[in-house]
Amino acid sequence: TTRLRNLIRYCYINMVGLHRPSTPPGMPPPSARRRSSKLCFGTVCSSNINRSMEAHVRLQNAGMRVESYGTGTQVRLPGKSAMEPRIFKFGTPYADMYKSLSETPEDVAFFMHNGVLQLCKRGASVKVAPKRWQDTPTSEVQNHEVVIAFEERIYDAVIEDLQCREPTEEFKAIHVICLDTKDNPHEAQLQGTVALELCWLLEQTEDL
């Protein structure tokens, strides 16, 4: 019990000063080094907390312009059983999710073990809250040249949304890529590396 109390106290203290994760993005090839990112990238998963956020961190740490999104109706996080997911509205700050998931020492122990608290803490260090792709204004969506979807159904949701938007004079072609990834932290890290390498190659392309 004392150990659990110390653990929850440690977690709350660490939430006070949030720092950007130091995930090494790897060195780009010399030909890819630029003063600033030429392209603007979007990364999309279901809840904007695992796969899209992993890629967001990788790309942003490498100096690229990037924003991440989710396409689900709600932010769904693994709960204490498959029938009891923890659900939040898009726009709920990551820090508030963290507090909700660490109300008791038992909660802290469980959600630290399954990795959800770490995901919330990482999210809070990058931006305020998860963003839903379908609720994002067209003026923001059209800033992206490339959008990476981390699952086929998410790719379909992005395409469907783009087709339903009212076209504007400024709207340009957006390249949407599907990088199918299982929704767990390990696979997200592996595919985050692949996404970074892909984006470095796209940055070198002169006629995208």
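1. How many residues of strand 1 (residues 40-45) are buried? Six of its six residues are buried, so strand 1 is mostly covered, where buried means under 20% relative accessible area with a 1.4 Å probe and protein chains only. C40, G42 and V44 point one way from the strand, while F41, T43 and C45 point the other way.

2. This is a predicted model, in which local features need pLDDT of at least 70 and side-chain atom pairs count only at pLDDT 80 or more, while totals for chains, interfaces and linings use all residues. Residues are numbered from 1 along each chain as its sequence is written, and side-chain values use heavy atoms, with hydrogens and water left out.

3. Strand 1 pairs with strand 2 (residues 65-70) in the parallel sense over six bridges, pairing being assigned if DSSP finds at least two bridges between two strands. Within this pair, T43 stands opposite S68 of strand 2.

4. The axes of helix 2 (residues 51-61) and helix 8 (residues 185-204) come within 9 Å and cross at roughly 45 degrees. The two helices are therefore oblique to each other, a term for angles that are not under 35 degrees (roughly parallel), over 145 (roughly antiparallel) or 65 to 115 (roughly perpendicular). The contact (heavy atoms within 4.5 Å) includes R51, E54 and R58 of helix 2 and Q189, G192 and T193 of helix 8.

5. The axes of helix 4 (residues 105-113) and helix 5 (residues 116-126) come within 5 Å and cross at roughly 80 degrees, which makes helix 4 roughly perpendicular to helix 5. V108, F111 and M112 of helix 4 meet V116, L117 and Q118 of helix 5.

Notes:
Axes fitted to C-alpha atoms, helices over the stretch in contact; angles between N-to-C directions. Helix = DSSP H or I, 4+ residues; strand = E, 2+ residues; numbered from the N terminus. Buried < 20%, exposed > 50% of the residue type's maximum accessible area, 1.4 Å probe, protein only.
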